[in-house]
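This briefing is intended for a reader who has the sequence and the coordinates at hand. It treats strand pairing, surface charge and backbone torsions in turn.

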Amino acid sequence: MAANMYRVGDYVYFENSSSNPYLIRRIEELNKTANGNVEAKVVCLFRRRDISANLNTLADSNARDFEEESKQPSTSEPQKHQLKHRELFLSRQFESLPATHIRGKCNVTLLNETDVLTGYLEREDCFFYSLVFDPVQKTLLADQGEIRVGSKYQAEIPDKLAEVELDSRVQEKLETKVWDPDNQLKDPQIDQFLVVARAVGTFARALDCSSSIRQPSLHMSAAAASRDITLFHAMDTLQKNGYDLAKAMSTLVPQGGPVLCRDEMEEWSASEAMLFEEALEKYGKDFNDIRQDFLPWKSLASVVQFYYMWKTTDRYIQQKRLKAAEADSKLKQVYIPTYTKPNPNQIMAPGNKPGINGATGYQKGLSCESCHTAQSQQWYAWGPPNMQCRLCASCWIYWKKYGGLKTPTQLEGATRTGSDAAPRGHMTRQEVQGMSPFTSSAGRAKLLAKNRQTFILQTTKLTRIARRVCQDILQSRRAARRPYASINSNAVKAECMIRLPKAAKSAMKNRTIPRPSLINIVKELAIQAPLKLKAPRGAPTPINRNQVNQPRSASALLGKRPFDNAGGHSFSTNGRPFASGMRAANQSVIKRQKVSQGDAPNPVVFVATKDTRALRKHLTQAEMRRAARKPHLPVRVKLPAPPRPLPVPILPSSTSEPIVLED
């Protein structure tokens, strides 16, 4: 009876799927719905299988630090594997679930430095947590605060002075005196001055426009002026003026008008107070989260000060009474009978009623995927039907409670003995999840696409020989210029096997071409064509000089480079006519694969200068192609000789005698 009675604060198992592990939740409230059913408002706890690979790595690092600090005894690999199933992550996410889905109780505790991790493996239904998971921000944070030790947090207590020894410290530097009880004023005089300070505060609120809107009545203004902030200001004024009432009066009412003192209770508007109450209901006394999510324009000191002032108001007392009345009306506990229905994944005997999820038709002789036993009173289908995986009764209960198998399997990076599997220790978590029987094909493709990395194809020795032997068939230069076109590798292999014995008799000539490194090439190109930092404003320079005033065609929108016709002849981008080996725009085009921006490498861009564009005009089309295919080789440009200047003819004068001008 007590085992089936569930109360507020219990950690319980919830079942949301017949094949998935149980959900672990903490009951916060038990509410009765209109149709008579009971719903449980619960706090969500997450397993390692519910968080990402990056957060799992962070959790592993936190676990290693805990083992080093607490000096845990050494554990074996199976124990480390099972300890990951006992670790949970607390969250502040709430949800409502029907109470009929409860399948039992469990125990969840905050991990302490004195705990021994292997002790959790010896007890059934025991879990621990040390980190808090935020499902929205996808972060893991420590739940328990650290003890702050040091001179920054604790005061350094000096040694006790002797009876005849005097204190040589300067008291003014150690503390500030704010009130002297041995002053010359009497208590009635001080009370009269405080009444005057309240009256000045009430008058100051009447003159202030914002205060008259918040406290429209005289009683509200007088009540606000009687708060502690006014009394503190009045007593501070007396202390600063040497307890001289005349000077203190003039300080209360200076030349500009009466002094107005407000605390956080007056500074906050009604809407801000409602937001604070809503945040307090959600987060409790976690003032950092209250400020971050609800009141970011307020300082943390302002939020804390408002909380303690808000607790002195009637609003707080009313809410406290309402919560007490709601708690009395809610359910304290609920009785849930033991769930006895058969699981759909249960593999039935041949004469019994078949189960769901393809439980029938399993081959005889299959062992348990976890403990590899071949004998069990009951078997359960695990994974998709086409894999025909199954678990024994004890491993099935372990899977439902702890969300994993007792021993590491192929899906978790372990090597199984036998011919049915290869080691997958090098696989990432996304690839392992992609192979998981509980991942759909669409989700598997999405997981694998997230972990795409650069790969390198390394040629074999036979491939390099085939390039030389079958040059007329392979045409490596043409294939390099058209990497999207397929190569008939079978024909190359067949021809290579025929020619290779003949070619082996004659020694092959290997030409070693010294090539500079890529760094030197980039430096030389950068010196020849420096990159312009700022592009001139105005109309962009067209790619083709024949497309200056022409609209963009449809082919340009599809990523192709169009060639325009001028006078019936095709022209390339440099304005020269096409040769026989170049393709015109109206010819058939092999569709090229577009590379996404995320997979493309970072480009190195060289901006052509005026001098380099002038040099291009002196290159032939063959030289341009050769320079594009072999950018590491220097380009030799034969510049034409500059035109000789024409001699200036000297015109003979009509007379050799000087010209004389007379007035």
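**Strand pairing, surface charge and backbone torsions**

In strand β5 (residues 87–98), L90 stands opposite L45. The model under discussion is predicted. Strand β4 (residues 38–46) is largely enclosed by the rest of the structure, because seven of its nine residues are buried.

**Pairing of strand β4**
- With β5, strand β4 pairs in the antiparallel sense over seven bridges.
- Strand β3 (residues 23–32) also pairs with β4 in the antiparallel sense, here over eight bridges.
- A40 in β4 stands opposite L30.
- The hairpin of β3 and β4 has five residues between the strands, and G36 in this hairpin takes a positive phi near 95°.

**Surface charge**
- A patch of negative charge on the surface is formed by D65, E67, E68, E69 and E113.
- Within this group, E69 is located in helix α1 (residues 53–70).
- E69 has a relative accessibility of 63% and therefore counts as exposed, the cut-off being over 50%.

- Most residues other than glycine have a negative phi.
- K138, which is not a glycine, has a positive phi of about 60°.
- K138 lies in the loop between β7 (126–134) and β8 (139–142), and its relative accessibility of 52% means that it counts as exposed.
- Y243 likewise has a positive phi, near 60°, and is placed in the loop between α8 (228–240) and α9 (245–252).
- Is Y243 buried or exposed? With a relative accessible area of 7%, Y243 is buried.

How values were computed. Residues numbered from 1 in each chain as written. Predicted model: local features only at pLDDT ≥ 70, side-chain atom pairs only at ≥ 80, totals over all residues. Heavy atoms only, no water. Buried < 20%, exposed > 50% of the residue type's maximum accessible area, 1.4 Å probe, protein only. Helix = DSSP H or I, 4+ residues; strand = E, 2+ residues; numbered from the N terminus. Pairing = 2+ DSSP bridges. Patch = residues over 30% accessible without salt bridge, like charges linked within 9 Å, V, L, I, M, F, W, Y side chains within 5 Å. Areas by Shrake-Rupley, 256 points an atom, 1.4 Å probe, with all protein chains shown as cover. Salt bridge = Lys/Arg side-chain N within 4 Å of Asp/Glu carboxyl O. Lys, Arg positive; Asp, Glu negative; His and termini not counted. Charge placed at Lys NZ, Arg CZ, Asp CG, Glu CD.
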